[in-house]
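Have the structure open as you read.

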Amino acid sequence: MPDFQINPTAAALLGLLHEGAMTGGQLMAAAERRLGPYWSMTRSQVYRELPVLAEMGYVRLGKPGPRSSQPYAITASGKRAFTRWLAESPGRDALRNPVALRVAFGQQHSGDQLQTLYSNANQYHSEAMTMAKEQAKEAKKNGDPFGAAALEFAVAYHKAALTWLKAAPTS
């Protein structure tokens with residue numbers, strides 16, 4: 001079977017499957033737990049990618065479980081595809097911040113709208129930073145320096161967002 005290029009979502013799924021066979025729901029939970037602080041995946045992306053990965057021969061389907069849940073396991077060619085993906089250039093960041101986008105149109109907001117926007121963003125980033133710090137500490141404790149390093153990126157991102165929010169114009 002020929003080897004195909006994979007996108008970052010597919011690569012993340014293959015990376016997670018190195019831990020063992022999982023259903024789509026289990027993959028979503030693992031992605032949220034391990035990658036959520038710095039990489040987002042939607043349920044629809046996961047369920048769209050799994051059949052494609054199976055068609056490429058990168059995962060194989062296991063026996064259906066309860067409620068027709070379908071476990072997937074990574075294949076040898078899936079491991080090779082993941083290894084190739086790791087060696088590729090990651091490309092440029094795709095920065096899409098919904099708060100910054102709204103702030104760009106701040107002149108059209110009322111003062112109350114901006115205050116609410118900033119307040120909600122501040123709460124979100126504070127909570128997310130605290131969670132990422134806890135996860136990084138746990139990863140270090142469990143001997144996962146690479147997972148901890150990725151989580152430290154999330155901590156720094158939220159810290160930067162909080163700093164930016166303090167300086168954002170209110171009128």
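## Helix packing and a pocket

Helix α1 (residues 8–17) packs against α2 at an angle of about 95 degrees, and their axes are 10 Å apart. That makes α1 roughly perpendicular to α2 (65 to 115 degrees counts as roughly perpendicular, under 35 as roughly parallel, over 145 as roughly antiparallel and the rest as oblique). Axes here are lines fitted to C-alpha atoms, for helices over the stretch in contact, with angles running from 0 to 180 degrees between N-to-C directions. The helices themselves are DSSP runs (H or I, at least four residues), numbered from the N terminus.

This is a predicted model, where local features need pLDDT of at least 70 and side-chain atom pairs count only at pLDDT 80 or more, while totals for chains, interfaces and linings use all residues. Residues are numbered from 1 along each chain as its sequence is written, and side-chain values use heavy atoms, with hydrogens and water left out.

Who touches whom? From α1, residues L13, L16 and L17 meet L27, A30, A31 and R34 of α2, where contact means heavy atoms within 4.5 Å. By class, that contact has six nonpolar, no polar and one charged residues. Ala, Val, Leu, Ile, Met, Phe, Trp, Tyr, Cys and Pro count as nonpolar, Asp, Glu, Lys and Arg as charged, and the others, Gly among them, as polar.

α1 also packs on helix α4 (residues 76–87), at about 125 degrees with the axes 10 Å apart. That makes α1 oblique to α4. On the α1 side you'll find P8, A11, L14 and G15, meeting G78, F82 and W85 in α4. This contact has five nonpolar, two polar and no charged residues.

Now for α2 (residues 24–34) and α3 (residues 43–56): their axes come within 10 Å and cross at roughly 130 degrees. That makes α2 oblique to α3. G24, G25, L27 and M28 in α2 meet R43, V46, Y47 and L50 in α3.

| Helix pair | Angle |
|---|---|
| α1 and α2 | about 95 degrees |
| α1 and α4 | about 125 degrees |
| α2 and α3 | roughly 130 degrees |

On to the second largest pocket, with a volume of about 170 Å³. On a 1 Å grid over the protein atoms alone, a pocket is an open set of points where a 1.4 Å probe fits, with protein on both sides within 12 Å along at least five of seven lines; lining residues have an atom within 4 Å of a point. Volume is the space filled by probe spheres set on the points. Its lining includes H125, Y157 and W164, and α7 gives the most, with five residues.

Note on methods. Helices (H or I, at least four residues) and strands (E, at least two) are DSSP runs, numbered from the N terminus.
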